[in-house]
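Please open the model in the viewer and keep the selection panel at hand.

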Amino acid sequence: MSNADVRPHHCYARAQRLLAEVGLIRDELGRSQDTRPAVEITDANPRECYFEALATWHKVDRLAAEVGVSSTRFAHAAPPLTETTPGHVIEVIDAVLDQVDAIRQRLGIKEATAAEPALETNRQPSDVLVTLIRVNRELSRSLERPFTPGDVYRVVALASTYAARLGGTATLAPFERKRKPKDCYQRLTACHAALAATIAKRGHAAMSARSQPTDVLPGDVYDLACLVLGELTFLHALTDKAQPVHAFEPAATGYRLPGHVDQLARTLEAQIAAIG
């Protein structure tokens with residue numbers, strides 16, 4: 001099947017297989033299942049699934065390094081963000097499955113490879129996105145070195161750079177102490193809602209989330225930050241003559257508290273409001 005023939009229900013079946021495979025790895029590592037209710041999402045698009053799948057790839061790449069599997073270069077070029085299709089999403093899921101297979105071999109997991117479930121042709125991108133979020137939660141539980149506020153900060157900083165290129169300027173918000181991951185998640189949720197409204201003004205749809213995870217962890221904030229970054233890059237692609245963001249530009253590094261993420265997310269919210 002060519003990528004042009006891939007539909008959301010193919011991505012959903014592949015993501016369900018990935019979820020089962022990651023569950024075997026989690027069990028082998030002696031970690032418990034994430035039993036939190038799934039996030040409720042509607043009106044997702046392939047581009048949002050694509051960016052969530054990229055977050056999955058980063059998490060599985062870290063897990064591979066932890067268990068001693070050589071890191072694999074991601075082989076697929078990014079698609080034009082205004083033309084992201086289910087075929088691009090399944091490419092990333094398959095790249096993650098390749099890493100998962102190498103981890104299985106390294107850990108000596110003997111169980112048979114999980115079978116791909118029967119196709120359910122009514123499945124939509126929202127179902128794919130919810131499944132990928134579940135995969136990411138299980139990967140987060142499997143890591144010895146889970147994703148931290150510093151990892152989240154780097155993603156939000158890149159999102160802020162894209163917002164600046166779109167004309168979104170704002171003074172850095174004041175730092176507030178004792179912020180928690182749930183505070184960061186709520187602020188990034190507000191950023192995503194504002195972006196969805198801005199994208200709608202440009203004549204395109206965006207997903208909406210009707211719930212928030214309980215007991216929010218930095219890994220959850222990372223997943224949402226990747227979606228926010230994805231929407232900003234999409235908006236950047238829609239904007240004529242937007243100044244580019246270059247990979248060689250210096251990036252934010254160093255130790256970060258949730259308060260730093262919250263500070264930058266509040267700044268980003270103001271930047272998005274300035275874009276209009």
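A residue counts as buried when its relative accessible area is under 20%, and as exposed when that value is over 50%. The model on display is predicted.

**Select the whole protein chain.** A cartoon view shows eight helices and two strands. Followed from the N terminus, the elements run α-β-α-α-α-α-α-β-α-α. The radius of gyration is 18 Å, close to the 19 Å that the globule rule gives for 276 residues, so the chain is as compact as a globular protein of that length. Along the principal axes, the C-alpha trace spans about 55 × 40 × 35 Å.

**Colour by contact separation.** Among contacts with a separation of 6 or more, 94% join residues 24 or more positions apart.

**Switch to the surface.** The accessible surface comes to about 12,900 Å², and carbon and sulfur atoms hold 51% of that area. Of the 276 residues, 51% count as buried.

**Select the charged side chains.** There are 32 positive and 33 negative ones, and the centres of the two sets lie 6 Å apart.

**Select Arg47.** This residue is found in helix α2, which covers residues 46-67. Is Arg47 buried or exposed? Its relative accessibility is 8%, so Arg47 counts as buried.

Leaving aside residues up to four places away in sequence, Arg47 touches Thr84, Ile199, Ala205, Ala206, Glu231 and Phe234. Finally, draw a distance from the side chain of Arg47 to the backbone oxygen of Ala205: the value is 2.7 Å.

Terms used
Residues numbered from 1 in each chain as written. Predicted model: local features only at pLDDT ≥ 70, side-chain atom pairs only at ≥ 80, totals over all residues. Heavy atoms only, no water. Helix = DSSP H or I, 4+ residues; strand = E, 2+ residues; numbered from the N terminus. Buried < 20%, exposed > 50% of the residue type's maximum accessible area, 1.4 Å probe, protein only. Polar contact = N/O pair within 3.5 Å; in protein donor to acceptor, adjacent residues only side chain to side chain. Contact = heavy atoms within 4.5 Å. Rg over C-alpha atoms; globule rule 2.2 N^0.38 Å. Areas by Shrake-Rupley, 256 points an atom, 1.4 Å probe, with all protein chains shown as cover. Lys, Arg positive; Asp, Glu negative; His and termini not counted. Charge placed at Lys NZ, Arg CZ, Asp CG, Glu CD.
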